[in-house]
Amino acid sequence: MYAIPFLDLPPLRAASGTVRLPGSKSISNRVLLLAGLSEGTTRIHDLLDSDDTRVMIEALRTLGCEVRREGVECVVTGLGGRLHTREASLFLGNAGTAMRPLAAALSLLAAQEGGRFEVSGVARMHERPIGDLVDALSQIGCDIEYLGQEGYPPLRLAGGALRIDAPIRVRGDVSSQFLTALLLALPLASAGREITVEVQGELISKPYVEITLNLLRRFGIEVARDGWQRFVVPADSRYRSPGEIHVEGDASSASYFVALGALAATEAAPVRIEGVGEGSIQGDIRFVEAAEAMGARVRRGPNCLEVSRGAWPLRAIDLDCNHIPDAAMTLAVMALYADGPCTLRNIASWRVKETDRIAAMAAECAKLGAQVEEGADWLRITPPQHWKPAAIHTYDDHRVAMCFSLAAFNPLAGQRVPVRILDPKCVAKTFPDYFETFFAVVQADASDVPVITIDGPTASGKGTLASRVAAALGYHYLDSGALYRSAALAALHAHADLADEDAVAAVAAQLPLRFDPPRILLAGEDITERIRHEEIGLAASRISAYPAVRRALHALQLSFRRAPGLVADGRDMGTVVFPDAALKVFLTAPAATRAERRHKQLISQGFSANIDHLRQDLESRDERDRNRATAPLKPAEDARSLDNSALSIEASVQQVLAWWQARRPF
Ligand SMILES: O=C(O)C1=C[C@@H](OP(=O)(O)O)[C@@H](O)[C@H](O)C1
Ligand SMILES: C=C(OP(=O)(O)O)C(=O)O
């Protein structure tokens, strides 16, 4: 996961390949709760592992459920419909699917059995309405207190005395989660009586209530319904675990990859999405129809989708999106590539989700150059005529961050601007590995992928500096020295004569090397530590003087240049391998300083070392590297030089990042 302040996406050109979706958030949290309320054990396959499910799991544990992760499976031992703990404070982050259903279940349990619970979340959760649910529960005698602002969490659920002698009325026009919460929880209070729930106002987001009914059925409870107005929970309903249950891939998360296919994949090399397909119980699967209306070509399988571009530019749409509130945000970004203005209607609920999503989508699309109009419950987007590089504010909203990754495909609209996603880690709410998954299926022109080179003599600290800069930017990292060291080790393994340039080059050309950061594997063997030994360093220095070896490793080095960007360290990164690098740094420090550092490093690793010998070695190595005929060690003409002898690592990293930032258009 990218736990960094921002992530810059280069202009992207194409997409293809296979994506395996994380589990559905809506299904995961419902199944966790139902399993937690059931008697006995439920084994859950492919449960989502994200912020929203973690807060649910923590809450269940606090309440006395046993929740065990066993690889991709999760095993829950439930409470059997009764409280094991009568007092607890539960922190529920920003998970609506945890806050609303747990508030309902704990209110009912506390009213029946006695108990006192507090539920709270992040600051934004305390701005997300819950009054309609509290009103419904108060009607039947639950004692609920607002601990902050009336109508919003945090809440104290403090007991009460249940009286259910009439239909329970609940408003359905702010969030469907209030009805969902009641339906999930009311079986707890159904002993000896059936319970009717009546929805007031037009129910929104109906397909989510269908997910609720579907999963209740899996847990043995058949709720009858009359249209979307009346729901009846049968008397004496009991949660019965199905034993095992499988969580589908998340259909809302699928929307980004459906869009990716529609924008940038060909029929011959589509984007294949595994985990949802035909027969999904999630309403957001119908995003596929909206994408098709815009021109996507979609092949549906039982548990997969294959998507490629059909019409181009995309066709503008005017759509009522009430049935797909989450996935519809993706349409707002697809609209940037449409042949006219797109209008998304009936989306008032966007205003009370992770952020005011109508305002957020409007503001960020406008930053990119789109013309945007908004109303209380609609949004209209006219594609940009001139795209502008933009730093996208994400408002701690996972969907804003994921949606705007799609804006990086502007080369397909004839432009070429990078897009900065601020606070990319907010995707952890539902899809912690979103960007890694995204980068695995997108392609950029190499010339659009930014490279930062850090060259310098041995022991100048360039490896530490480069890997830290790469981590700070979320870029790939190429340790070119490690390639030469690995080639040297491979040559020694192969008993090649190190004096024989062609023999060594032949080994280097066939290097079975794999980078699995931070590990380096040679033919499957972990050589990370082995190649750091002095004798391998000396051999590497020797073979790196051979032009044939340098040529053999050239293509391998170029292949590291992939979205979102690359930081490469070595001796000729800026001069030979990446002459068009956007920032070149040449690191220097006197041989005495470097010898001291190397000495400290070796001693701390438990090796013995003589500082004078180290210094002599460094000097003769510098001499050899500077004077070799091919790619000698020297600063590129356009390199910034950085003497780090008096700088901490942190200060050097900050200096390089400051130079980099000054070159960015944001
Ligand atoms: O019940 C659910 O799982 C959800 C219902 C929807 O909320 P609203 O009913 O508030 O629209 C949706 O936006 C949310 O992400 C998940
Ligand atoms: C609205 C969302 O979340 P929540 O379940 O917290 O309501 C969402 O995931 O888009």
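Predicted model: local features only at pLDDT ≥ 70, side-chain atom pairs only at ≥ 80, totals over all residues.
**Close-ups of the ligand site and the cores**

**View 1. Who lines up around ligand 1.** Zooming in, you can find 13 residues surrounding ligand 1. S26, S175, S176, S205 and Y208 are the closest. Two elements give two or more residues to this shell: helix 3 (96–113) and helix 5 (177–185). Sorted by class, the shell has nine polar residues, three nonpolar ones and one charged residue.

**View 2. Stepping back to the domains.** The protein splits into domain 1 (6–22 + 249–443), domain 2 (25–246) and domain 3 (448–663). Taken over C-alpha atoms, the centres of domain 2 and domain 3 are 56 Å apart.

**View 3. Inside the largest nonpolar core.** This core holds 114 residues, and V258, L260 and A332 are the ones that touch the most other members. Helix 7 (residues 251–264) is the top contributor, giving ten residues. Domain 1 (6–22 + 249–443) and domain 3 (448–663) each supply at least three residues to this core.

**View 4. A332 and its contacts.** Leaving aside residues up to four places away in sequence, A332 touches L344, M361, C365, L379, I381 and C403.

Methods. Residues numbered from 1 in each chain as written. Chains lettered and ligands numbered in written order. Near = placed C-beta within 6 Å. Helix = DSSP H or I, 4+ residues; strand = E, 2+ residues; numbered from the N terminus. Nonpolar A, V, L, I, M, F, W, Y, C, P; charged D, E, K, R; others polar. Domains from an automatic or database assignment. Core = buried A, V, L, I, M, F, W, Y, C linked by C-beta atoms within 7 Å. Buried ≥ 20, exposed ≤ 12 C-beta atoms within 10 Å, placed from the backbone. Contact = placed C-beta atoms within 7 Å.
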